[in-house]
Amino acid sequence: MNTLLGKNLKYDLKASLVVFLVALPLCLGIAVASGAPPMSGLIAGIVGGIIVGALSGSHVSVSGPAAGLTVIVLDSINSMGSFPLFLAALVAAGLIQFGLGIAKAGVIGYYFPHAVIKGMLTAIGLILILKQIPHALGYDVDLMGDQAFLQADNHNTFTEIWYAIKYHSIGAIPIVLIAMGILILFERPKIQNHKLFGAIPGALWAVISGIVINYLYGIWIPEWKLTGDHLVSIPVLDSIGQIGDLLTFPDFSGVGASTFWVVAATIAIIGSLETLLSIDAADKLDPLKRTTPPSKELVAQGIGNTVSGLMGGLPVTAVIVRSSANVASGARTKMSAIFHGILLMILVLAIPNILNMIPLSCLAAVLFLVGYKLAKPAIFQYMYRNGWDQFIPFIVTVIAILFTDLLVGIGIGMVFGLFFVIKTNFIRAVTLTETKETYLLQFHKDVSFLNKALLMKNLEKIPEGSELIINTEKAQFIDHDIQVVLNDFIESSPDKNISVTLQGYKHKVHQNA
């Protein structure tokens with residue numbers, strides 16, 4: 001075990017640095033967008049990394065505050081009247097989630113269609129690219145953690161890009177271009193395997209370059225220097241004793257109100273669904289193809305949300321942006337997620353002034369690369385080659401998420417995915433084959449009442465004076481409605497001069513009431 005840990009340590013440490021750089025602005029942005037203190041997002045990131053990371057059965061997924069819950073959290077805080085009251089509901093949500101995990105409710109995660117999960121990953125990649133274009137151009141009006149199409153600043157994903165082009169900050173452009181160049185350079189095996197440069201991930205070099213360039217702006221081109229909203233912004237402590245001032249504790253005085261339990265149940269259910277979707281997607285990204293136990297993940301998330309609520313943090317879920325950054329950076333085990341949480345905890349307290357010097361434009365470059373790896377053109381080609389029954393749910397999910405948000409888009413994609421699953425089952429469950437005047441009606445699998453229309457349509461095709469073989473040997477279950485249709489046809493077949501041979505099916509003569 002220790003040998004395995006040591007073997008993977010260098011990969012996990014490098015990946016954790018990248019995930020830390022990705023998570024830092026997202027934690028802050030999601031907190032502000034949720035109407036919560038900025039520190040609540042960082043607390044959720046720390047809890048998601050250390051506590052959920054340690055308890056999770058996932059090897060590559062990373063947990064933290066989720067952009068998909070932003071609107072729910074904002075509405076919940078407003079409806080409950082205060083952030084401490086919301087935190088109490090979050091504690092209850094964590095306990096509900098823990099109970100769902102114990103009850104093995106995580107099995108629902110096995111029923112998400114593959115095409116929809118691939119569509120979710122691709123959509124997230126496109127959203128990352130589109131949402132980071134304004135930050136790359138130095139137009140930082142919208143928060144970095146926002147992933148919804150309709151934004152809090154009354155713009156949408158595409159109008160935001162137009163305003164960014166129109167009102168860009170010139171100093172951001174060289175920073176993002178140089179950062180992108182560094183990241184692309186570090187994708188080359190020669191650089192990755194270099195003793196000096198390969199020891200530190202390209203994302204950290206990109207961030208260092210952004211800090212240095214912006215510092216040089218202040219000396220040589222002051223009007224290009226990025227300040228204020230263009231930089232990372234985290235609270236700065238004057239002394240270690242002020243840590244307590246950053247924490248908010250729950251208020252359980254509203255536990256008897258119906259709103260309290262509605263909020264708790266909503267967060268538990270929506271958070272669980274987003275987690276199950278994310279771990280399924282992360283497992284598909286895992287190069288070693290390991291599988292996460294879904295119910296164990298719900299237990300871990302439930303404990304994480306309970307702790308986050310007690311400490312003043314936001315709701316925690318497994319999140320695909322950080323998970324995909326983790327995989328893309330070469331993470332081998334869940335120690336990467338844990339290390340990223342430790343980095344958030346230590347560096348936010350130890351060097352906040354340095355972190356506050358990071359331009360958002362160079363972090364946008366990091367997210368550009370993550371987004372591209374999730375939405376490469378090859379993925380669209382692969383899904384197209386798999387046939388329309390896979391490509392249509394995939395592309396519908398991509399478009400739906402782009403123009404709504406993650407959960408609504410997934411819901412729309414699921415409808416299309418299930419339609420094609422049911423359609424495929426209808427077509428393949430019962431087939432009719434013709435050879436001259438002999439017909440073979442074959443049941444290829446269990447047949448439910450949903451196949452009744454298909455069966456009747458096939459039986460109508462059999463002409464008078466023909467021979468019919470009914471083979472049900474592959475079907476272990478035949479629904480009662482299907483049996484009634486078969487029995488009716490068998491009993492009426494002499495009237496049409498149709499000879500029926502049964503293989504594996506026991507005909508039951510109808511009894512008059």
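**Close-up views of a predicted model**

Lys284 and Asp280 are four residues apart in helix α10, so about one helical turn separates them. The model is predicted: local features need pLDDT of at least 70, side-chain atom pairs count only at pLDDT 80 or more, and totals for chains, interfaces and linings use all residues. Residues are numbered from 1 along each chain as its sequence is written, and side-chain values use heavy atoms, with hydrogens and water left out.

**View 1. Lys284 and Asp280 form a salt bridge.** The N to O distance is 2.8 Å. A salt bridge here is a side-chain nitrogen of Lys or Arg within 4 Å of a carboxyl oxygen of Asp or Glu. By this rule the count comes to three. Asp280 is buried, at 14% relative accessible area. Lys284 is partly exposed, at 26%. (Buried means under 20% relative accessible area, exposed over 50%, partly exposed in between; 1.4 Å probe, protein chains only.) Helices (H or I, at least four residues) are DSSP runs, numbered from the N terminus.

**View 2. Lys373 pairs with Glu187 in a salt bridge.** The closest N and O atoms are 3.2 Å apart. The pair links distant parts of the chain, 186 residues apart. Lys373 sits in helix α15 (residues 360-374), Glu187 in the loop between α7 and α8 (189-192). Lys373 is partly exposed at 28% relative accessibility. Glu187 is also partly exposed, at 34%.

**View 3. Asp286 and Arg290 form a salt bridge.** Their closest N and O atoms are 2.9 Å apart. Both residues, Asp286 and Arg290, are buried.

**View 4. Helix α10 packs against helix α11.** The helices span residues 258-285 and 294-311. Their angle is about 130°, and the axes are 10 Å apart. That makes α10 oblique to α11. Axes are lines fitted to C-alpha atoms, for helices over the stretch in contact, and angles run from 0 to 180 degrees between N-to-C directions. Angles under 35 degrees count as roughly parallel, over 145 as roughly antiparallel, 65 to 115 as roughly perpendicular and the rest as oblique.

**View 5. Val107, Ile108, Tyr110 and Tyr111 form a nonpolar surface patch.** Together they have about 450 Å² of accessible area (Shrake-Rupley method, 1.4 Å probe; for residues, only the protein chains shown count as cover). Patch residues have over 30% relative accessible area and no salt bridge; like charges are joined within 9 Å, nonpolar side chains (Val, Leu, Ile, Met, Phe, Trp, Tyr) within 5 Å. Tyr111 lies in the loop between α4 (83-102) and α5 (114-136). Tyr111 is exposed, at 62%.

Key: Helices (H or I, at least four residues) and strands (E, at least two) are DSSP runs, numbered from the N terminus.
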